[in-house]
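User: Could you take a close look at one pair of packed helices in this model, and explain the terms as you go?

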Amino acid sequence: MAEQRAPHLVVFTGAGISAESGIQTFRAEDGLWADHPVEEVATPGAWRRDPARVLAFYNARRDQVRQARPNAAHKALAALEKQGFRVSIITQNIDDLHERAGSRHVLHLHGELLKARSTVDRRMHYPLPRGGIELGDICDKGSQLRPDVVWFGEEVPHFGEACEIVSEADLLLVVGTSLAVMPAASLLQYAPFDAPRVLVDPEAEALAPPGVTRLSQPAGKGVPALVRHWRREGRLWVPETLLAS
């Protein structure tokens, strides 16, 4: 399959795909966020008031991510890419499960938990293969390191790039997201007019906007089922036997 002619699948993933790997979601009642109001751990104001608390919270989340493993949905998308399809993944998730599954083209809208960045120069990133970030850990310019994540109230620096990727999709697959977080949820508007849009989520019937085909299944079941069809046919299409529009 020639690269320039390969079908281009653009995948937009949210917390639901990671939840199936055991990563607690933002809204889960028993999640890591349950005892930590957003304004106390995930805003610029929280960082100014109590950086130690913010660092401790993200260090705990980092441990959870390292223990998680890619699930069937992550692996299916990586397998599709290996077969020769163009697969571009745009994710709201800050874990590295897509990469560990083997996907090579992943854009993290909200940052990456396994990286630190400078508080004075956002271009300065530092990988965190182990451990976390502590007070006193500094960048090359002598400033305290912070998690490389986008907090509530901060701009989403890669949103423009994400819009360009979606505009080149042959099919847009949305997985495990409530489509409630802006501006990320508006990405669907940038898909080509003739590109099918499919939402895979257990609550797809309630969540899908008009014009979006719904597959009301967990990511680990729905995504592999779609990928099996696409790999067998060598093209991106919406199998009516699986989906209801």
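Analyst: Of the 245 residues of the protein chain, 52% count as buried, where buried means under 20% relative accessible area, computed with a 1.4 Å probe on protein chains only. This is a predicted model, in which local features need pLDDT of at least 70 and side-chain atom pairs count only at pLDDT 80 or more, while totals for chains, interfaces and linings use all residues. Residues are numbered from 1 along each chain as its sequence is written, and side-chain values use heavy atoms, with hydrogens and water left out.

The secondary structure of the chain comes to 9 helices and 9 strands, which are DSSP runs numbered from the N terminus (helices are H or I with at least four residues, strands E with at least two). Two packed helices are described by the angle and the distance between their axes. The axes of H5 (residues 72–83) and H9 (residues 219–233) come within 7 Å and cross at roughly 20°; axes are lines fitted to C-alpha atoms over the stretch in contact, and angles run from 0 to 180 degrees between N-to-C directions. H5 and H9 are therefore roughly parallel to each other, a label for angles under 35 degrees.

In the contact (heavy atoms within 4.5 Å), H5 contributes Ala72, Ala73, Ala76, Leu77, Ala79, Leu80 and Gln83, which meet Ala219, Gly220, Val223, Pro224, Val227, Trp230 and Arg231 of H9. These residues divide into 11 nonpolar, 2 polar and 1 charged, where Ala, Val, Leu, Ile, Met, Phe, Trp, Tyr, Cys and Pro count as nonpolar, Asp, Glu, Lys and Arg as charged, and the others, Gly among them, as polar.

Note on methods:
Parallel < 35°, antiparallel > 145°, perpendicular 65-115°, else oblique. Buried < 20%, exposed > 50% of the residue type's maximum accessible area, 1.4 Å probe, protein only.
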